Number of protein chains: 2
Amino acid sequence: MSTPSASPRAGLPTVTMIGGGQLARMTHQSAIALGQCLRVLAGSAGDPAAVVSPDVVLGSHDDLDDLLRAAEGAVALTFDHEGVPLEHLRALEAHGVAVRPPSAALQYAQDKLLMRNRLAELGLPVPAFVDLAGDRAAARSALIEFGAAHDWQIVLKAVRGGYDGRGVWLIDCGQEQALEVFDAAADSSVLMAEQKVPMVRELSAMIARSPHGQGAAWPVVETIQRNGQCAVVLAPAPGLDEETAQRAQQMALRLADELGVVGNMAMELFETVDGALVVNELAMRPHNSGHWTMDGAVTSQFEQHLRAVLDYPLGATAATADVVVMANILGAENVPEMSMDERLHHLMARLPEAKVHLYGKAERPDRKVGHLNIVGRPGQPLADVRERAERAAHWMSHGVWTDGWDPHQGEN
Amino acid sequence: MSTPSASPRAGLPTVTMIGGGQLARMTHQSAIALGQCLRVLAGSAGDPAAVVSPDVVLGSHDDLDDLLRAAEGAVALTFDHEGVPLEHLRALEAHGVAVRPPSAALQYAQDKLLMRNRLAELGLPVPAFVDLAGDRAAARSALIEFGAAHDWQIVLKAVRGGYDGRGVWLIDCGQEQALEVFDAAADSSVLMAEQKVPMVRELSAMIARSPHGQGAAWPVVETIQRNGQCAVVLAPAPGLDEETAQRAQQMALRLADELGVVGNMAMELFETVDGALVVNELAMRPHNSGHWTMDGAVTSQFEQHLRAVLDYPLGATAATADVVVMANILGAENVPEMSMDERLHHLMARLPEAKVHLYGKAERPDRKVGHLNIVGRPGQPLADVRERAERAAHWMSHGVWTDGWDPHQGEN
């Protein structure tokens, strides 16, 4: 594996993506346009990407041999999640695999504490935080001190492995609740605590960076979370002033440069009540907050991620419409009687402009099984585009058209 | 096969496409978004669609058993070419396969003489034509009479199997040439002759129709042919008045309805010097003249074809920009020293807005190996968009940037 070689198919390269989820599935769509076929390392033959690509290596992202098998002959190896152990990433690099983003960058997306420390070092705005690793008694004391200093407006987080609200605990009821959560979670996870930032909304600044150092930023978007996971994305973020948008893009581009990121990076931000930006999370891969680009930007995040990891020049990132709204299709608490196929029929009849992306996943409560984009027509108000997207996604999830639609339901 | 059943994958259906070419390849991209995986019947494991879909049946479109194998469990069977023998289509239907378009419609796309006769019957405008099947001496006499009546401004055509300029002979030099072509070709092909229509340009009216009878028309485009095959598409057709555009769309929608077409139909038209429209060819599948929709229309022709054959409601067909230009990437006479991958790098650096679609095919002279779309920015003149698309396609084909670019080179 010291000399990764190009695929024989018409002289175009093969990229391997670790993980067979929806991000790999949609990356495969873009790989096809570039004359390629995405190879995926999937845990199961039924994974969203494994059912649509013929180049599947079955195995585990925790197993170095599986990773090496998946990398063989590929010109670059990239990821649809952050779960590959750091020591494996380093071993792959030692074997000559072009790991993109490299382990030296990806570790900051894997470890929230490492990320917070590095961002603080670089002078980027982060919430106040405290390390709760190490000795249990000392950590408990540190938590009590930190919580008191921030009026118990804090969040407990697992340093590794959280996503979509998992591994994140909002503290609403003071010290007693905080210690209870800490005691329950500290056995299985290394924890940290952060100040709960008094924010007006969440933003995402998504960029891509190539090994050559080229960077490209999409318009900054607003993300709306429900039950701890992304539900809706408004592109661009409505009412965001140009100066703040550029500041967010430049923070993301600069950080990617400092960390040596290759591929996409989503920088999730809080916009505070006084107009400041605070970095929340980082992801170094295609990201839910970039799904709108599939139908609403010149270059989709999936094509761009491939271009970046292949060190191709990056594509134009302009939006193709004034307003684009993405809404996730989630599995419902009670799977609707009407099948997904029937619901899709009805949606298409009602909204011929809806762009639906289904992941081929079984429906389970709150599981992301697809998303849809509504691209606004010229002059169409955001509220109208958003209402169509939200109603459509609600229909696809629940099989019920909401008549009393409330744009703020379940937000947190 | 009397009860086609849905795929077990998340309750969504499987469509089978006969043919593993680029049209199937791009249909697979759209199938993925709809939660599906396109099954293809491919002649070779290296076919453009076979290298990107995991659901490949290897076999021949001439073999009924292979066709039946490919149809098993699929809710609909459709085509990326017109080559399946009519008797096999009828046999599939007799086995309960949902053949879309049905044989009763598809026969008109397979047989130019049948098509001409049917169109004339329906009162649709067709060039004068003469049947040259049957007795050789009688056909020769008919040809001489027909040619003389049209000042030898005629075209000889194979009734079946021609494409991309194959099976079409333009007569430039009168009776002697016409008889020479006739004598050479009549052994292997059933022939017909048509009047060469004095036209200003070629148009394509592309529509989709569902079994339910819903029809949807994309904007009418101008197609520019070189060496007998489509080279460039301008969407919408520049300067086409609204009345003529609607007439073209309605001719296509009406014909699709009369013939019972299901799926896409491209009606290729001549615009004559006196502003009339004359029907040239019909295709009942995704078509080169619709490739611009992948990046320039709300619903791409590939998604629409799937929606139609599945009897889903059809998607919105509006263009998303004022001007879109598609240019084919053809294999060059001398394959460039620089690889396709390197050429792609350079193109991306020069035109970050180019949307490239490569088919994973080896380069051979005049073979369609990909295409690209340039979507105009608001206010960008057509000439500028077109020049970018043509230069980009020329670069991808030949590995040479044309400085003295001539928009009319090689047109016929």
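Helices and strands are here taken as DSSP runs, of at least four and at least two residues respectively, numbered from the N terminus. In this predicted model, A:Asp62 is placed in the loop between strand S3 (56-58) and helix H2 (64-71) of chain A, and its relative accessibility of 45% makes this residue partly exposed. Together with A:Asp63, A:Asp65 and A:Glu87, A:Asp62 forms a negative surface patch. Within helix H2 of chain A lies A:Leu68, which is buried, with a relative accessible area of 16%. Beyond its neighbours within four places in sequence, A:Leu68 is in contact with A:Leu92 and A:His95.

Over all chains, 50 salt bridges were found in the whole structure. In one of them, A:Glu194 is paired with A:Lys157, with the closest N and O atoms 3.2 Å apart; because A:Glu194 belongs to strand S8 (residues 191-195) and A:Lys157 to strand S6 (residues 154-158) of chain A, the pair ties together parts that are 37 residues apart in sequence. Both A:Glu194 and A:Lys157 are buried.

In chain B, a salt bridge joins the side chains of B:Glu353 and B:Arg388 (2.9 Å, N to O), and since B:Glu353 is in the loop between helix H11 (340-350) and strand S16 (355-358) while B:Arg388 is in helix H12 (residues 382-398), this pair ties together parts 35 residues apart in sequence. B:Glu353 is buried at 15% relative accessible area, whereas B:Arg388, at 27%, is partly exposed. B:Arg388 also meets B:Asp384 in a salt bridge (3.3 Å, N to O), and these two residues both lie in helix H12 of chain B, 4 residues apart, about one turn of the helix.

Definitions and conventions. Residues are numbered from 1 along each chain as its sequence is written. Chains are lettered from A and ligands numbered from 1 in the order in which they are written. This is a predicted model: local features need pLDDT of at least 70, side-chain atom pairs count only at pLDDT 80 or more; totals for chains, interfaces and linings use all residues. Side-chain values use heavy atoms; hydrogens and water are left out. Patches are made of residues with over 30% relative accessible area and no salt bridge: like charges are joined within 9 Å, nonpolar side chains (Val, Leu, Ile, Met, Phe, Trp, Tyr) within 5 Å. Accessible areas come from the Shrake-Rupley method with a 1.4 Å probe; for residues, only the protein chains shown count as cover. A salt bridge is a side-chain nitrogen of Lys or Arg within 4 Å of a carboxyl oxygen of Asp or Glu. Lys and Arg count as positive and Asp and Glu as negative; His and the chain ends are not counted. The place of a charge is taken as NZ of Lys, CZ of Arg, CG of Asp or CD of Glu. Buried means under 20% relative accessible area, exposed over 50%, partly exposed in between (1.4 Å probe, protein chains only). Contact means heavy atoms within 4.5 Å.
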